[in-house]
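Hi everyone, and thanks for coming. Please take a look at the sequence and the model on the screen, and I'll walk you through a few spots.

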Amino acid sequence: MKYADAYRFGKEALTAAGIGEAELDARLLLETVCHTTRNDLLVHGDREVTQEEEKQYRDWIARRASRIPLQHITGVQEFMGLEFLVNENVLIPRQDTEILVEEVLRELTDGSRILDLCTGSGCILLSLLRYSNDCVGVGSDISRKALDVARRNADRLGIRADFLCGDLFEEVEGRYDFIVSNPPYIASGEIEGLMDEVRLHEPLSALDGHEDGLFFYRRIVGECPDYLVRGGSLYLEIGWDQGEAVKSLLEKAGFHEVHVTKDYAGLDRVVSGIWF
């Protein structure tokens, strides 16, 4: 089979399965299997695909057609210019979350202590540590399997960080200059309406924010003053419709300079505040 024919097969199969980005996913899977780039489809479409490559590509296309996320098939996802390992035990890093990292980096100073709650793959914490100097980072998560992924990512990226297994602040000691989190924030009643790729293949514990989606925000905002230095900052990723509710939580708790930051689509994405 020629390279262009393999791509055409994958695109048609994913289109028939109702995959929204069939062309993109077919191309990315083929490039991963064959260790090629986008230019190969344009310039070397007539190259022969080996039998082993064809077999793997057909298998991967079948898996993607069954709604397994592309990132779970390839095992990686790019975030903040870095490549992170992902699997069914962690949320797949999303571009929206880069807004959170970028906002923290605006204020992050060398040598800061950073605590990342619900760290998952570690993408937030490890990105902050990669793009800063001499900062100390701790990630907390209730899932040991998620922490295994975070530790592997730290090792692959050559970044030193500590990871704690516990329910939010349960195992945390000391005070931090920055506390960041992308907690579960989807209301329980909305879980069934999520895409199959998310609902069936990403960890429910990392999605379900209980009845109104604000359960973990209330806990984090209520408990974090015991773990922030004076003048320390809290940064939270939020759902698009939660800006005012989470902003109110911070203000009522006594945070100052509470601010809602929008993402590139113009939707509320991050709430931050300073503790004095």
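I'll talk about aromatic rings, then charges over rings, and then a helix and some strands.

A word on the basis: this is a predicted model, where local features need pLDDT of at least 70, side-chain atom pairs count only at pLDDT 80 or more, and totals for chains, interfaces and linings use all residues. Residues are numbered from 1 along each chain as its sequence is written, and side-chain values use heavy atoms, with hydrogens and water left out.

So, how many aromatic pairs does a search of the whole structure find? It finds five. Rings of Phe, Tyr and Trp (its six-membered ring) pair if their centres lie within 6.5 Å; planes under 30 degrees apart are called stacked, over 60 edge-to-face, and the rest tilted. One of the pairs is Phe169 with Tyr227, which is stacked, at 4.5 Å centre to centre and 10° between the planes. This pair links distant parts of the chain, 58 residues apart: Phe169 is in the loop between β5 (162-165) and β6 (176-181), and Tyr227 is in the loop between α10 (215-223) and β7 (228-237). Those helices (H or I, at least four residues) and strands (E, at least two) are DSSP runs, numbered from the N terminus.

Another pair, Phe215 and Phe216, is edge-to-face, with 4.9 Å between centres and 90° between planes. Phe215 is partly exposed because its relative accessible area is 31%, while Phe216 counts as buried because its value is 12%.

Now for charges over rings, meaning NZ of Lys or CZ of Arg within 6 Å of the ring centre and within 35 degrees of the ring normal. Arg58 lies over the face of Phe9, 4.4 Å from the ring centre. Arg113 has its charged end over the ring of Tyr176, 4.4 Å from the centre.

Tyr176 brings us to the strands: its bridge partner in β7 is Leu228. β6 and β7 run parallel, joined by five bridges; strands pair if DSSP finds at least two bridges between them. On to β9: six bridges join it to β7, and these two run antiparallel. Seven of the 10 residues in β7 are buried.

Finally, helix α6 (residues 95-107) has buried residues including Ile99 and Leu100.

Definitions and conventions:
Buried means under 20% relative accessible area, exposed over 50%, partly exposed in between (1.4 Å probe, protein chains only).
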